[in-house]
Amino acid sequence: MSAVGDRIERKRSHTTTIIKKVMNTLFKILIGLTAIFIFASGCRSHSVNSQSQKPDLETQIPNLLLEDFALNSVPPKNLIIPQPLKVNSSEEIAFQARSLAIQKKLAALNLDEKEAWWRQIKLGDPHKYLLPIILARLSLQNQPDGKKYDSQHSWDVLLKLDQDQPDLYHFRAPLDVRIFFLFKDSMPLDVKLAYRRQLESPRVLEWTEGGTENHTFMQRASGLALMNASGFPVGDPASAATNEAWLRSELNKFLTIGQGEFHSSIYYGYSISGLLNLYDFSQDQKLRELAKGLLDWYAVNMALRLSWGTAGGAESRGFDRNTWNNGLTAVAWLWWGNQPELAEKMDEKYAQLALPAALSSYRPPEILTAIARKEIPLPFEARASHPAYYSYHESNRLWETFYITKNYSLGTLLEPARVYQVKGTIRAQYATYKLVVRDPKGQQNAVISLGGTYHGLQATGRSPGDQLVQKRGAVIFQLRLNQTDLKAGVPAASHLVLPQDYGQPQRYNNWYIWKIHNIWLVARPWGDKIELKSSISEKQPNLQALAAEGNQTAWITDVAAVDDYPNFQQLKTALDQTEIQAQDWKNQGKLSYKSLAGDRLTLTYQKNGAIGDAVINGEKRVLENWPVLDSPYIQEQLYSGQLEVKVPQQPSWRLRGTLMGPIWEVGKQK
């Protein structure tokens, strides 16, 4: 090597040495600053509880490598699912106004009172009540209202909650995971480490826990999002696969035989909250598409039956008597409602279910807006079938009929079992007859139920022996008790339950008649005794009931528009044109009725059966192989794997299941 080459090599070596020294110095400075930051954060975070609880050793002496990992999560990938609305559209601006109203409402709740309350009564699921307040307050940090709340206090309460109630249970999961992803770059280090420990073994296995359908959606979708996108090591790699497989099986079930917990006004909001985490935060495009497919299914079902702020139609679990004030309709209000001030009237337990949707980037398919708001040609009829609750193959186990006009919606449900079980069953939570009458002022719709009283005087749930048939606004209902019913304690009565606000009925012959907003409700009961009960429930003192008592009771109910019969005399004339054939009812359980709309319904009671033999306009009712959904606007044929939405003047929309996941198709505008 030449002298010149030696000098160049020595110079390069000297330069490399200097660079290494500088890098080592910078690294030491970085470690020192990190240690100071960790020490300061630890002091601040734990000083509040230093007297009551001694921090564990892991928190006192942090592992710098673990904390460096916790502070440097994997950066999110670019996501390609487009948003359906532009940021500056009028719809999106209105959505953000509703979102802000929900955040303000929940943030204003007293966090310290809730904290003291759950500890005093030793509540098992405190996160359900505290996390909405914490999330709402943190979400307002960049808003003027956010200055009212100390974010560090929220973090302190959250960390203490995790220490004292570490169970990763379903009601905790959706909001807890959303808090992590929305604020992981600004949360205190000890809080971030607490989230990291949620994925360590064996605790990570809690994310695979099941339960009812909504429990599992909350737990597994939220857990999958955390495992997929937190950047933390996952103590059990199979847990993510378990959760993904379950979610895929649920979507396949929905698109082939339907949903077990269908149209639940109580629990839809909970299931949606878990799926929103996977949609918003997953770094895997296929997982986001999976979440979107499931969310779209929920949105389609909500939009179809939504009745001006009430969850109209049959339900698997729940009976909505409110207006924009239930778990399902709180989310529906976020997506399709109006009037941000309605948030103040909403009960906090329902408002908290709107919070995840309020802070999510998910928006339902635009084509659903007109259906949800009923800005489509009305009336229309729909029918649906539903599977056994947990089964992935037992199709056509329940049958639903739904009818909606501009003034009311009516839904009924058939279930093929005469069962007396009261615990460990959802039969007490079925909505088998629900009439929703629209309030033109948009304040409070009237909701009416009809049925046996085995599960309560309010005539909700699937009472053993209830049998009925519906065509448009008319229903024939019968309850005839057999010896097994009597031994099981089935009450010898059936009730028509409606709000007290509409007073006592008018009478015409054997008809009991109420004028409710823009409709007439007419009822013809049979029984040993017919009695109007002014109040039936301490929990719902505003409800009254027309009771038919006896071992054999029956009803005909019908609904007519005031526009068609503007006064009582015209209605009486119309009732004279109807026809009731009841001569075979007492001995054979056969009733026939020609309705105000001109339909002929006949129901022959099956004494030891569960459904009854029905004939509608001369055709025998056949329940075999009913579609999952069938209406002029939404269709899903049984086993088809395809959900289709059609609205006039808009391109059709389809969600199709494949072996590799959901795909979406948009047709041409007609």
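**View 1. Strand 11 and its antiparallel partner, strand 12.** Strand 11 (residues 506–508) pairs with strand 12 in the antiparallel sense over 3 bridges, where strands are DSSP runs of E with at least two residues, numbered from the N terminus as are helices (H or I, at least four residues), and two strands pair if DSSP finds at least two bridges between them. Within this pairing, R507 stands opposite Y512 of strand 12. The hairpin that the strands form has 2 residues between them, and N509 takes a positive phi near 55 degrees there.

The model is predicted, so local features need pLDDT of at least 70 and side-chain atom pairs count only at pLDDT 80 or more, whereas totals for chains, interfaces and linings use all residues. Residues are numbered from 1 along each chain as its sequence is written, and side-chain values use heavy atoms, with hydrogens and water left out.

**View 2. Strand 12 and its pairing with strand 13.** Because 5 of the 6 residues of strand 12 (residues 511–516) are buried, this strand is largely enclosed by the rest of the structure; buried means under 20% relative accessible area, with a 1.4 Å probe and protein chains only. Strand 12 also pairs in the antiparallel sense with strand 13 (residues 519–526), over 5 bridges, and K515 has W520 in strand 13 as its bridge partner. The hairpin of these two strands has 2 residues between them, and H517 in the turn has a positive phi of about 50 degrees.

**View 3. Helix 10 and the glycine that follows.** Helix 10 is mostly covered, with 16 of its 17 residues buried. The end C-alpha atoms of helix 10 (residues 213–229) are 24 Å apart, which agrees with the 24 Å that its 17 residues should span at 1.5 Å a residue, the expected span being 1.5 Å times one less than the number of residues. After helix 10 comes G231, with a positive phi near 85 degrees.

Key
Buried < 20%, exposed > 50% of the residue type's maximum accessible area, 1.4 Å probe, protein only.
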